[in-house]
Amino acid sequence: MSLDKFCSSISNQLNTGVLILDLEGNIVLWNKFLEIHANKAPETVINQSVYQVFPELPKRWFERKITSVVQLKSPSFCSWEQRHHLFELPHTRPITTASRFMAQNCTFLPIESKAGVEHICVLIEDTTDVCYYQTMLNKTLADLALANRIDGLTQIFNRKHWEECLANEFSRARRYKHELALIMFDLDHFKLLNDTFGHQGGDLVLIEASKVVSAILRSCDLFGRYGGEEFAIILPETDITGACDVAERLRKGLEDLAIEYQGNNIKFTASVGVAVIDENDNRYEDLISNADVALYQAKSAGRNCVRLSQELVACDDLIKLV
Amino acid sequence: MSSFNLDEDQQDCLQELINVAMGQASDQLARYLDTFVYLKVPKIEQVDASSLTATLNEERAAAAVVSQGFFGYEGIRGEALLVYQPNDSDKLADLLGYEPDELSVEEQIIDLSSILTTTFLNVFASQIENQMSYSAPRLVSAGQSSVSSHLQQLSFNWDLALKVKISYQVTDYSFNCDMILLFPESAILNIKTVIDRILEEY
């Protein structure tokens with residue numbers, strides 16, 4: 001067997017498309033992989049323009065690619081990660097991907113003869129499997145990243161992620177001298193709810209309370225479960241009046257809520273503390289302590305009310321003033 | 001001095017080979033890109049695995065890093081990292097001769113990286129009567145954390161590397177990037193063999 005025969009036998013058994021073009025883009029060689037996947041016999045494509053056989057090719061881009069290979073005598077690459085496919089060939093596997101076509105890695109090689117580069121070889125590798133698994137992996141990673149930020153029970157931000165958000169918002173507000181408000185609230189006598197209705201009843205209260213509050217908030221507000229039955233909301237670009245308004249609305253929303261559970265109507269209230277960023281706050285933790293102190297005062301004042309940090313003004317009064 | 005260090009003659013010789021390759025590469029690139037491409041005198045140094053991350057972290061604001069493996073005869077092999085600064089990719093499509101809507105920014109960065117790497121290394125290879133093959137270039141990241149994790153992965157595979165850093169400047173497009181070639185220890189010994197042969201022939 002001659003070397004040529006070896007080569008052509010191997011080329012025809014490769015699970016890779018081998019396409020050789022002259023410098024005008026006419027097809028010189030077409031291996032069996034292409035014959036099968038494009039479903040075109042060599043005699044129907046040889047000497048035809050590649051742009052005619054594959055009208056989907058981005059012609060200008062393809063021509064520039066070829067120029068770089070010829071002029072720089074260097075290989076050039078095209079990965080499925082940036083360009084899913086160049087040639088519209090069907091899948092080799094009946095699996096669901098976003099595209100109807102085979103994902104491809106294409107390599108453009110200069111073929112040098114004595115006269116310089118007169119031909120280009122395009123190798124077309126099927127990467128449908130890689131593409132499929134990579135897509136699955138990316139989705140899983142995105143799910144994991146989300147799970148890492150979310151509290152499983154209430155589906156709002158967990159403590160860790162919420163605190164990271166606060167750290168960011170705090171430094172941004174400090175840097176640009178923007179307003180920033182913080183609301184912390186705690187469900188009143190939650191232990192009693194748990195004791196009366198069981199932990200499942202208590203869990204339902206946490207879930208429904210989170211839903212009611214989420215519905216009140218703007219999309220830029222950051223709502224998290226601070227721990228147990230304590231929740232916290234970051235309100236960017238919000239002054240004391242705006243924050244008190246939100247605090248009062250969420251207190252009222254929770255007071256009005258009645259949750260049906262095993263034939264019972266669960267009613268409950270919340271105590272709310274409000275703080276806004278102050279020149280003296282150097283760390284975001286200062287803002288948390290201020291809101292926490294206000295929350296404690298709301299509890300001492302008999303619960304089911306809103307208290308404001310520092311000035312110790314009852315928010316009801318402030319709202320009436322506005 | 002370990003056997004991986006280059007002595008003064010070897011270092012000079014390598015420097016000279018690289019200088020010549022840079023001149024030719026810059027000429028080829030200018031013709032292809034139709035604009036002047038300046039290559040700054042390279043910095044050649046030995047880095048060990050632990051300090052590799054630190055030395056590369058100098059390019060702290062890196063917006064993107066593209067990695068491409070290269071391998072030639074006589075065990076000359078390594079990895080090229082192209083390091084881009086933020087905002088430098090705005091005019092890339094124009095520089096490459098594409099219409100901006102023909103390809104994504106990522107594809108432009110990968111394309112340019114491959115062109116810079118292969119053009120330089122092809123000329124360098126011909127200087128040492130060698131020929132290079134290349135793996136497909138990969139975008140390592142567009143974010144700081146994945147760059148350092150990639151670098152950590154890199155240095156995991158060797159203790160010592162020869163690092164050649166060449167800066168590219170395309171003034172007409174106010175564009176800069178750095179090419180960092182890393183040769184692992186086994187390749188350093190092979191490069192030394194090649195350099196010694198060239199020095200003998202002088």
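Student: How many bridges join strand β6 of chain A to strand β8 of chain A?

Tutor: Strands of a sheet pair through backbone hydrogen bonds, either parallel or antiparallel. Here 7 bridges join β6 (residues 180-187) to β8 (residues 230-236) of chain A, and the two strands run antiparallel. Two strands are said to pair if DSSP finds at least two bridges between them, while strands (E, at least two residues) and helices (H or I, at least four residues) are DSSP runs numbered from the N terminus. Within this pair, A:Leu182 stands opposite A:Ile234 of β8(A).

Student: Before we go on, how are residues numbered along each chain?

Tutor: Residues are numbered from 1 along each chain as its sequence is written, and chains are lettered from A and ligands numbered from 1 in the order in which they are written. This is a predicted model, in which local features need pLDDT of at least 70 and side-chain atom pairs count only at pLDDT 80 or more, whereas totals for chains, interfaces and linings use all residues.

Student: In what order do the strands of the open sheet in chain A lie?

Tutor: The order is β7-β8-β6-β11-β12, which makes an open sheet of 5 strands with mixed pairing. Its edge strands, each pairing on one side only, are β7 (222-227) and β12 (306-308) of chain A. Neighbouring strands of this sheet are turned by 20 degrees against each other on average, direction ignored; axes are lines fitted to C-alpha atoms, for helices over the stretch in contact, and angles run from 0 to 180 degrees between N-to-C directions.

Student: Which strands does helix α7 of chain A touch as it packs on the sheet?

Tutor: Two residues are in contact if their C-beta atoms, placed from the backbone, lie within 7 Å. Helix α7 (residues 159-176) of chain A packs on the sheet and touches β6, β7 and β8 of chain A, its direction making about 130 degrees with that of β7(A). Helix α8 (residues 190-216) of chain A also packs on the sheet, touching β6, β7 and β8 of chain A, and its direction makes about 155 degrees with that of β6(A).

Student: Where is A:Glu237 placed?

Tutor: A:Glu237 is in the loop between β8 and α9 (240-256) of chain A, and its phi is near 55 degrees, a positive value in a residue other than glycine. Because A:Glu237 has 13 C-beta neighbours inside 10 Å, it counts as partly exposed: a residue is buried if 20 or more other C-beta atoms lie within 10 Å of its own, exposed if 12 or fewer, and partly exposed in between, with C-beta atoms placed from the backbone. In chain B, B:Asp34 has a positive phi of about 60 degrees although it is not a glycine, and its loop runs between α1 and β1 (38-48) of chain B. B:Asp34 counts as exposed because it has 10 C-beta neighbours inside 10 Å.

Student: Why is strand β3 of chain B described as largely enclosed?

Tutor: Strand β3 (residues 77-84) of chain B has 7 of its 8 residues buried, so it is largely enclosed by the rest of the structure. Strand β2 (residues 64-72) of chain B pairs with β3(B) in the antiparallel sense over 8 bridges, and 6 bridges join β3(B) to strand β7 (residues 175-184) of chain B, again antiparallel. The hairpin of β2(B) and β3(B) has 4 residues between the strands, and there B:Glu74 takes a positive phi near 55 degrees.

Student: Which residues touch the most other members of the largest nonpolar core?

Tutor: In soluble globular proteins, nonpolar side chains tend to be buried together. A nonpolar core is a set of buried Ala, Val, Leu, Ile, Met, Phe, Trp, Tyr and Cys residues joined through C-beta atoms within 7 Å. The largest one here has 55 residues, of which B:Leu82, B:Phe120, B:Tyr168, B:Met179 and B:Phe183 touch the most other members. Helix α4 (residues 105-127) of chain B gives the most to this core, with 9 residues. Apart from it lies another core, of 49 residues, among them A:Trp162 and A:Leu206.

Student: How many residues of chain B are in contact with chain A?

Tutor: The contact involves 19 residues of chain B and 17 residues of chain A. On the side of chain B that touches chain A, α4(B) gives the most, with 8 residues.
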